Amino acid sequence: MKSRILSISAIIVGLLFISNHHLGYSFGDDLFRWAGIPPWTQQGVYGFHLPVIAGLILLMVGIPWVSRMYRPRYPKIMGRVLIGCVAWIVLFPFVSEQVMYLVKYNASGISSVSYSKKGSNCDYRTKNETILADCQIHIYSYGNESQVAVRPLNLEIGGKMVEFERKVVAVRPRDKTKVSETFEGSVVQPDSPMSMSGGAREPGIELTVDGRSKVIE
């Protein structure tokens, strides 16, 4: 019985590590950050993705383990487990989204909103010595909130920190809203004019509701 529990647990945990939910990252990313370990070996989203590596190792151990134990009774168990894993990965984003709507249907405050990295981006430029971030970001309001304050996270350029303003934007309650906004940024302790251009996929965002903030890096 203990072996069965451990083998099935290895598959479930492995799937949670490699399956992205509707916000564009996995529970493995959250778990690694909670433990103080960066999910990626290089800063940002570069290098090796540690939760995926850990998840694949668990699946490579768990799937053959389960198959060996159940093959005498179910000869086709390996194929069915593999199909089940693929179905989990495909359906997990949709299921996780619907679960959040259900759990937080009447919720309000910062816990009822979140930011989806998937499909979000910011383009940075300068205009008349002002640093601008043209962003298209996706925000979920799972409950009653119809407004949320948003700002891109601070950006370091050439050793200088750019701090962006916060803007209040309208969102649809119990829905996903695509927000297109331009944010103005200023350099902390500037000593010379700056010029920049470029962009970032899946930028870090800070959300604020009723004075309480949530940072999604």
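In what order do the four strands of the open sheet lie?

1. The open sheet has the strand order S8-S5-S11-S12, and its pairing is antiparallel; strands here are DSSP runs of E with at least two residues, helices are runs of H or I with at least four, and both are numbered from the N terminus. Strand S8 (167-170) and strand S12 (212-216) are the edge strands, each pairing on one side only, where pairing requires that DSSP finds at least two bridges between two strands. From one strand to the next, the twist averages 30°.

2. This is a predicted model, in which local features need pLDDT of at least 70 and side-chain atom pairs count only at pLDDT 80 or more, while totals for chains, interfaces and linings use all residues. Residues are numbered from 1 along each chain as its sequence is written, and side-chain values use heavy atoms, with hydrogens and water left out.

3. Helix H1 (residues 2-18) packs against helix H3 (residues 50-70) at an angle of about 145°, with the axes 7 Å apart; axes are lines fitted to C-alpha atoms, for helices over the stretch in contact, and angles run from 0 to 180 degrees between N-to-C directions.

4. Ser-141 lies in strand S4 (residues 130-141) and counts as buried because its relative accessibility is 0%, buried meaning under 20% relative accessible area, with a 1.4 Å probe and protein chains only. Leaving aside residues up to four places away in sequence, Ser-141 touches several residues, among them Tyr-101, Ser-112 and Arg-172, contact meaning heavy atoms within 4.5 Å.

Conventions. Buried means under 20% relative accessible area, exposed over 50%, partly exposed in between (1.4 Å probe, protein chains only).
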